[in-house]
Amino acid sequence: MKQDKHSADCGGKPPIRFWLPLGLFLAFVVYLLWAEHRVHFVQFLPFLILLACPMMHLFMHGGHGRHGKGGDET
């Protein structure tokens, strides 16, 4: 049975020659999006801040259904 030399060399992880171009490409895309669409992002910023409130409630408090289920229930 023949083993794949590539997966044995890098332990199953993609090599740096994969991550470096991908990271540079993503940085370039983010820069272009910021440079061309900054006005659109800034106009929706208050809504993103308001959206953060329910997201923090869901992810930090564990959602609804667990409030008040402590020791003394009547």
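By about how many helical turns are Phe44 and Phe47 separated in helix H2? I found about one helical turn, because Phe44 and Phe47 are three residues apart in helix H2. An α-helix has 3.6 residues a turn, so residues three or four places apart point the same way.

I noted that this is a predicted model, where local features need pLDDT of at least 70, side-chain atom pairs count only at pLDDT 80 or more, and totals for chains, interfaces and linings use all residues. Residues are numbered from 1 along each chain as its sequence is written, and side-chain values use heavy atoms, with hydrogens and water left out.

Next I looked up the aromatic pairs (rings of Phe, Tyr and Trp, the last by its six-membered ring, with centres within 6.5 Å; planes under 30 degrees apart are stacked, over 60 edge-to-face, the rest tilted). The count comes to three. One of them is Phe18 with Trp19, edge-to-face at 5.0 Å centre to centre and 75 degrees between the planes. The ring centres of Phe44 and Phe47 are 6.3 Å apart and their planes are at 50 degrees, so I logged this pair as tilted.

I then checked accessibility (buried is under 20% relative accessible area, exposed over 50%, partly exposed in between; 1.4 Å probe, protein chains only). Phe44 counts as partly exposed because its relative accessibility is 44%, whereas Phe47, at 55%, counts as exposed. Phe18 is partly exposed at 41%, and Trp19 is partly exposed at 46%.

Conventions. Helix = DSSP H or I, 4+ residues; strand = E, 2+ residues; numbered from the N terminus.
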